[in-house]
Amino acid sequence: MKKSKKILNVLATLCLASVTSLSAGQNPLVIAQGADAKTLDPHATNDQPSSRVSSQIYDRLVEQDLNMNIVPGLAEKWEQEDDLTTVFYLRKDVKFHNGEKLKASDVKFTLDRMKASPQVSHIIGAIDKVEVVDDYTVKVITEKPFGALTSHLSHTATSIMNEKAVKAGGDNYGQSPVGTGPYKFDKWDAGDRIVLSANENYFKGEAPTKEIIFRNIPEGTNRTIGLETNEVDIAYDIEPIDKDMIKSHDKLDYVEEPSLSMSYIGFNTEKAPLNDVKVRQAIAHAIDTDTLIDVVYQGGAVKANSPIGPKVFGYNKNAKAYEYNPEKAKAMLKEAGYTKPIAIKLWTNDNPTRRDIATIVQDQLKQIGVDVTIETLEWGAYLDGTARGDHDMFILGWVSVTGDADYGLYPLFHSSAKGGAGNRSFYSNEEVDNLLDKGKNSVDVEERKEAYEKVQEIVQEEVPVYTIAYTSQNIAKQKGVEGFHMHPAGHHKVYGTEKK
C-alpha cells in the first residue's frame, strides 16, 4: 500500500509540477476538475466542466447570488413593460476583453445566436425577439408570458458575447473566447489546462488573483494528491473515498453543501427493448439506490423521487419513488414477454463515481436477467454519442441551474429537446409536452406549479430516466485560499478568491 501511494505521488508530481514552471512568479490559483472543457463557446455546449471555466470569462444580463436570488449583472436594472416585454438597461462602463464597449447590439446578437443553437436554444425558447432601443437599452419580447425569464437569462449559456469577436473567430471561436468577465482567456493546452488572467478593466474592479489555471485531472485520487503536494489550490468533486483523509489533514479544508444536482440513469426510449415502459419499470425496481448512496456517494446524496429536487420551484414531494424489488422486476420482464436474458449496453464517461455506479448496476441487473456491458467513453465523445442516440442506457447528471422547474424538466423531457439539447432519452409524450408548455407560458405561480407536479407524476411512471439521487457538491482547498464560495448551481465564480 505504501509503495502504491508513493508511486501515485510521484506520478501526480510529474503531472502537476509543470504548473509551477509555466507560471513562475505569477502565484496562480490552480483549480482541478474531473474533465476538460469541451468548448468555451457558451452556445456550443451545456456541460458543467465547460461552464465552470466560461463563467469566469463572461457576464450575463442578470446573475444569481448564492441564495439563487436574481441580481443585476450587465443590466443595472430592468422593468416589465407588459406581460410579454422586459426592458433591460445596460451598464455604460463595461468593455469586452478586446477593448470593444458593451452595446445593446451585442446583447441582441448573443440572444439571436443562442436561439439558433441546437444545444442551448431551449433555454430561451420563450423569447420571440430582441429589440435594440439605443446603445444601452434592449427589449426582450417573449412569444407568450414567461414567468421564468430572468431565471433563464441568468444561465451561463446566456453569457453576453462580442459580435465582432465571434464573427472574427468563426468556427474556432470556442478556443479563443472574448467576454466582459473578471478573467480573460490566455491559452488552452487541450486535455491538460486552461489559463486565464485577470481583466484589469473589469467593471467591478480587478480580481485579487491575477492568474487562474484550470487543470483537467480525471482521476479523483490524483486531484487529492495534487492538494496534498500543494500543486493544486482548489479541487472540485472530491471522491467519497478521499473525504476522511482531507477532513483530517491539517493544511486542507473540505467543504460539502447541498446543490441543485441530480444523478440519473437514462434509457434510449427509441431502442428496443427500452422502448417498452414495462422493461424500464422493471429495471427501475431492480436498482438498489440505498446501496449506491452508501457505497458510491458514501452518504453525500439522498434518494430521489423526481428529476427535480426540493430546492427547485415546482418540486412534487408525492411523485413516485421506485422501491427495490427484484422479484417484482423479474415478473414485469416476464409480463413484457422477456423470458430469456436481455443484452444492454450501459454508457458512462471516465468519471470514477459514474464508473462505480455502472459496475454496481451491472451486478444488480444481472440478478433479473439483464446482461449489461459497460462502455466508457471520453467526455466529448460521450456527449456527442448520447446526443445522436447511439446508446442504450447511460449515466449522467442534470443541474436545475435556474432553480425553476422549467429548466429542470423541459430540456430532459420535452420532445423538441431531443438529443444534445438535453432529452438524451429521446422521450416523447404529447401530454407532457402540453404541460411543460403550459408551465413555461404562464405567469400564474399556482398554475405553473400544478402543471409541473403533473409532469413529474407522468415521467416517474414512464421512467425515461431513473433518477438515482440528489447529490451534494463538494470541494477541497488549501487552508490559505480565502474568498471562495460554491454556487448551488455548480458553476462556481472565482472572482474574489485569493491565496494568503
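A salt bridge here is a side-chain nitrogen of Lys or Arg within 4 Å of a carboxyl oxygen of Asp or Glu. Hi everyone! By that rule, the structure above has 33 salt bridges.

A quick word on what you are looking at. This is a predicted model, where local features need pLDDT of at least 70, side-chain atom pairs count only at pLDDT 80 or more, and totals for chains, interfaces and linings use all residues. Residues are numbered from 1 along each chain as its sequence is written, and side-chain values use heavy atoms, with hydrogens and water left out.

Why would such pairs form? Side chains of opposite charge can pair when their charged atoms come close.

Let's start with K103 and D135, whose closest N and O atoms are 3.7 Å apart. K103 sits in the loop between β5 (85-90) and α4 (104-115), and D135 in the loop between β6 (127-134) and β7 (137-142), so this bridge ties together parts 32 residues apart in sequence. Helices (H or I, at least four residues) and strands (E, at least two) are DSSP runs, numbered from the N terminus.

For us, buried means under 20% relative accessible area, exposed over 50%, and partly exposed in between, using a 1.4 Å probe and protein chains only.

Next comes R223 with E239, again with 3.7 Å between the closest N and O atoms. R223 belongs to helix α7 (residues 220-228) and E239 to the loop between β11 (234-236) and α8 (243-248), so the pair links parts 16 residues apart in sequence. Here R223 is buried at 2%, and E239 is buried at 9%.

Some bridges share partners: K187, D189, D192, R193 and R215 are joined into one network that way.

Now, over to a pair of helices. α14 (residues 405-413) and α15 (residues 430-440) pack at about 150 degrees, with axes 10 Å apart. That makes α14 roughly antiparallel to α15, a label for angles over 145 degrees. The axes are lines fitted to C-alpha atoms over the stretch in contact, and angles run from 0 to 180 degrees between N-to-C directions.

Which residues meet there? From α14 come D406, L409, Y410 and F413, facing V432, D433, L436, D437 and K440 of α15; contact means heavy atoms within 4.5 Å. Among these contact residues, five are nonpolar, none polar and four charged.

Key:
Angles under 35 degrees count as roughly parallel, over 145 as roughly antiparallel, 65 to 115 as roughly perpendicular and the rest as oblique. Ala, Val, Leu, Ile, Met, Phe, Trp, Tyr, Cys and Pro count as nonpolar, Asp, Glu, Lys and Arg as charged, and the others, Gly among them, as polar.
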